[in-house]
Amino acid sequence: MEGTTIAGPPRPLVKSFVDQARRTPEATALVWRGHSVGYGALLARAERERDRMAALPAGAPAALPAVKSPGTIALILGCLLARRPLLLPSPALGADVTERLYEQAGVGHVLAPGRPPAARRSPTVDLSGNALLLTTSGSTGLPKIVPLSSTALDQFVTWAAGAFGIGPGTTVLNYAPLNFDVCLLDVWTTLARGGRVVLVDAERVTDGGRLLALVERERPEVVQSVPMFYRLLADAARAGGRTLPSVRHAVFTGDTMPVPVVAALPGLLPHARLYNVYGCTETNDSFLYELRGTPDPARPLPLGQPLPGVEALLVDAEGRVLDGPGSGELYVSTPFQSEGYLGAAAASGAFVPHPEGADDRRWFRSGDLVRRSPDGTLTLVGRTDFQVKILGVRVNPQEVEHLLLAHPDVTEAAVRAVPDPAAGHTLRAVARRRPGSRLNSLSLRGHLAQRLSRAAIPAALLITDEPLPRTATGKVDRERAGHVHFTEES
Amino acid sequence: MPYAQAIKEFVVEEFLPDVSPAELDADYDLLANGVIDSLGLLKVIAWIEDRYGIDTDTVELRPESFHTVAAIDAFVTRASYRRTKGA
């Protein structure tokens, strides 16, 4: 990362975009299904969208299901131009869930590209100052609504553009759906700085061959994605020994990066600096770790350094701030964070004052259990709420999963704790081995036994050659992996 | 090791469903590698009693006696010998 500091008020995102469009209207803003959309054309569409919603009351939130397309991006820009708070739910949510989200956010109008706003009910709330209302991607229950202020977006853009050298003409790949926070980097930072966004079609996200062809053709310099994307690219590239020399910065985020995929990246992306980013929708990117050399496969990647302006605390089970080595829940406070959830989740207690009253910042309880080693390195251990007791020993299934993924022959792993009448809980693990590997569960147990207490070694550990089931966001679906590989009786 | 094959078959069927008996080395540490925990140990002992007619109440049970297939084999061998002598 280049040393970027956040000093003075940052340039507003949408103003920067308008400036770019006026200066270089012919420059390409978006690449979508083989076609280019210029900055001038995108601004014209955004202004038409802004005008269509001119009659809506100030500060009243609108909603737009985030179907990926240039039309959706123009409409989001139109909302930014109009200072209209915009809820961006995933288009994959069911109608009931979507309706409940609209209710909780107080959405008055539902938007669609090229159409007048559809009134849902008379708006009752004023969310002025908020730009985007994103949602968390929890697998159960109602997603939480995370409002992000325009100031938070502007500060994020300032950091991201500096850190990854995004300026006029820089090509950036956008893999994630538009409702994801990572689009602040891929899409919004790029458009604010005059770069070129190559949008990956939602229907093509698991087709490694097509992804490889897209990257070869469009030559992005900056790529950010979940580990699955890199695995798909690496698998597709291996056969032909193909490389992707255009990429200068490759960022991965959102999930544990399997060791074989990390090992494949220097060959696949010979000119890229590689980064692991830690962050969540509530705080946005918080830590950045740049990989240098081959990482130690036996250890998870460190969180790295806090971004400029980001503060972090480790808080132990008694609510005390840990200053030295040890494990605790990570509290984060960032310049890009939300002020708190909307709706019922506002009372969740996730946004809190400093636990010892040491400052006036608003802190976000990440729910992530993080370990600080004696040299100060921070590593993610797992989720605080995933801890279970097995025969009286506190065990974190995610730590076991990280260790399975650290085995050189393991490409995917899922570990799940299930209640057990005798032991309290018991762990069930499934690991997919590298094609051609002769790994069996006996040697994989030996790998775990060297690094874990005995209670944390899964009672049931199966090796498979099949891909593990994944969620819509590309993460291993532990629940379904459990159902596929273990009958309820076993 | 007269009982090793039968012990391997039992351990694999009960605790290692994706492994074949031939893959399980007689010296593989079943306890250290988490194949058999304290509850699993009870299953092993019940099986030994049932299969070999050994009354484990009369012999000293130590976890080390069950940490490998070879150790279980030795345990069964000793217990059977004692039973034969005592009968």
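This is a predicted model: local features need pLDDT of at least 70, side-chain atom pairs count only at pLDDT 80 or more; totals for chains, interfaces and linings use all residues.
Q: How many residues are in contact between domain 1 and domain 3 of chain A?
A: On the domain 1 side there are 10 residues, and they are in contact with 13 residues of domain 3 of chain A.

Q: Okay, helix α7 of chain A next. Which of its residues are buried?
A: Helix α7 spans residues 208-218 of chain A, and its buried residues are Gly208(A), Leu211(A), Leu212(A), Leu214(A), Val215(A) and Glu218(A). They cover an arc of only 160° around the axis, so they sit on the same side of α7(A).

Q: Why do residues three or four places apart point the same way in an α-helix?
A: Because an α-helix has 3.6 residues a turn.

Q: And what covers the buried residues of α7(A)?
A: The cover includes strands β1 (28-32), β9 (171-174) and β10 (196-199), plus helix α8 (227-238), of chain A.

Q: Switching topic: is Glu290(A) buried or exposed?
A: Glu290(A) counts as buried, because its relative accessibility is 14% and the cut-off for buried is under 20%. Glu290(A) lies in strand β14 (residues 284-291) of chain A. Its C-alpha atom is 6.4 Å from that of Asn276(A), a residue 14 places away along the chain.

Q: What about Thr379(A), buried or exposed?
A: Buried, because Thr379(A) has 13% relative accessibility. You'll find Thr379(A) in strand β21 (residues 378-383) of chain A.

Q: Which residues is Thr379(A) in contact with, leaving aside neighbours within four places in sequence?
A: There's Pro300(A), Leu301(A), Pro302(A) and Leu303(A), and then Leu369(A), Val370(A) and Arg371(A).

Q: Last one, the second largest pocket. How much space lies in it?
A: About 870 Å³. Its lining has 35 residues, and those nearest the centre are Thr426(A), Ala459(A), Ala460(A), Phe15(B) and Asp37(B).

Q: Which element gives the most to that lining?
A: Helix α2(B), with five residues. Elements that each supply at least two include β24 (410-420) and β25 (424-433) of chain A, and α1 (4-15) of chain B.

Q: How many of the lining residues are nonpolar, polar and charged?
A: The lining of the second largest pocket has 20 nonpolar residues, seven polar ones and eight charged ones.

Terms used: Residues are numbered from 1 along each chain as its sequence is written. Chains are lettered from A and ligands numbered from 1 in the order in which they are written. Side-chain values use heavy atoms; hydrogens and water are left out. Buried means under 20% relative accessible area, exposed over 50%, partly exposed in between (1.4 Å probe, protein chains only). Helices (H or I, at least four residues) and strands (E, at least two) are DSSP runs, numbered from the N terminus. The arc is that of the directions from the helix axis to the C-beta atoms. Contact means heavy atoms within 4.5 Å. On a 1 Å grid over the protein atoms alone, a cavity is a set of points where a 1.4 Å probe fits but cannot get out, and a pocket is an open set with protein on both sides within 12 Å along at least five of seven lines; lining residues have an atom within 4 Å of a point. Grid points are joined across faces, edges and corners, and a volume is the space filled by probe spheres set on the points. Ala, Val, Leu, Ile, Met, Phe, Trp, Tyr, Cys and Pro count as nonpolar, Asp, Glu, Lys and Arg as charged, and the others, Gly among them, as polar.
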